[in-house]
Amino acid sequence: MSKQVNALFDKGCNNTTITTSLMRELKMSPSGPVENRTLNVMTGVKVPILSTPVEFQISGVNVINEFKKHGVSSTMIYTIKAHAIDKTCPSLTPLDWSEVLLREPHLQGIQLSGISKTEVQVVIGTDYAGLLTPLETRMSTTDMSAPTVELTRLGWVLMGKHTSKKGNYITSNLGYRANFDQDCENLPAMAERFWAVETPECNDTPWSKNEQLGYDKMVVSYDAMNKRFEASIPWKDGEKPVLPKNRSAVILRQKRSLRPSYLQRKGCTLGEINMTINDYEKKDRPFHRFVMIGSEGKIQDYEFQVQLLGNKAVPNISQKVLLENANLHGQELTLASYAMRARTYMDDIADSRDTEAEAIREIGELKKLLEFASMSPRKWLSNSKRVLKSVSPEDRSKNIVDLSSESYIPSGKILG
């Protein structure tokens, strides 16, 4: 469940707080017992209050382009531990800064989300100093009384004189995201918006000539008997690349590593690499070789038949293999085929369904679809315990340890 809220950046406050009304609206569960606390305010006044510890997530809104300039991900979400109290800043009124942004030359070009006229619901304190620290500051070089703006990891924060009106005013450009409840009606729409942000021009931007050439060179074929795909490497220099002849150096290095004096100094272990993607075409295997020296000193050359992570072309080849598998075998597995085409990011599938029954059906279809390529989906995570219970324990996310009625489903992430 999510909500866009008004927030105050308070560098004079050492605790982050939210309103209890926001806590109830987003159905947050307390992370601890109610506490008796004392607020130290100006003029030395101490105010006793009751607060409830909570944990939630927060992110910026409409600052994708600005974040790119500073190397910050526009989809970054921050986990916050805060205190929920009845009122955060009852005397502060949010204002619309759109006229100020047009009037002040140094503020033009800044885009803000719509400002709600309700109360300030979140106060970010110095316990999250990293969120208060500006990535960029814009100010007038001639008028020190003009308003300024700072770009933080949560968006633009404005401060200064708004109009000639008297009183206290506050605005900000923040988006708030709470942990997903199991009955969250907005989850499908949020997932849709996530993918729209991740691939804003996926369907509209034509490929370049080199991109199309590289894609065409990745020829993928299917071995139905062994349930495996075979793919060619898109060499830049034609069918036979020019590679250095370093076989003698490799043999010399391996002989050196097999000396007893070397083995005594180093901790030597052997393991099996099982992160296979698909098979090399036979014509490409001579370019993916390694040399082994046996116990009797016999030198033997081997060719990799299976593509391993590390080859520059493997990420693109893996995506084409997944699409080809959906094309070949997904006609009757409609949910899985759609998820593979439109809801797969590298080797992670992130999708949302209207009902738990559809989600369970999609997981079953994905298992069947990936079996055609000798693959199996694992590390399943869902906001529904019913869906998770339909998955065998060994195939669930390692973060899932308890599915009792009182347990909490942890959040997860993709790409590691």
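This is a predicted model: local features need pLDDT of at least 70, side-chain atom pairs count only at pLDDT 80 or more; totals for chains, interfaces and linings use all residues.
Local features need pLDDT of at least 70, side-chain atom pairs count only at pLDDT 80 or more, and totals for chains, interfaces and linings use all residues. Residues are numbered from 1 along each chain as its sequence is written, and side-chain values use heavy atoms, with hydrogens and water left out.

Reader: How is H10 oriented against H11, roughly parallel or roughly perpendicular?
Author: Helix H10 (residues 334-342) packs on helix H11 (residues 356-371) with axes 7 Å apart and an angle of about 75°. Axes are lines fitted to C-alpha atoms, for helices over the stretch in contact, and angles run from 0 to 180 degrees between N-to-C directions. An angle of 65 to 115 degrees counts as roughly perpendicular, so H10 to H11 is roughly perpendicular.

Reader: Which strands stand at the edges of the open sheet?
Author: The order is S9-S10-S11, with antiparallel pairing; two strands pair if DSSP finds at least two bridges between them. Each edge strand has a single partner, so one side of each is left without a neighbour in the sheet. These strands are S9 (136-138) and S11 (155-159).

Reader: Which residues touch the most other members of the largest nonpolar core?
Author: A nonpolar core is a set of buried (under 20% relative accessible area, 1.4 Å probe, protein chains only) Ala, Val, Leu, Ile, Met, Phe, Trp, Tyr and Cys residues joined through side-chain atoms within 4.5 Å. The largest has 33 residues, and strand S6 (residues 78-85) gives the most to this core, with four. The residues asked for are Ile18, Val54 and Phe56.

Notes: Helices (H or I, at least four residues) and strands (E, at least two) are DSSP runs, numbered from the N terminus. Angles under 35 degrees count as roughly parallel, over 145 as roughly antiparallel, 65 to 115 as roughly perpendicular and the rest as oblique. Buried means under 20% relative accessible area, exposed over 50%, partly exposed in between (1.4 Å probe, protein chains only).
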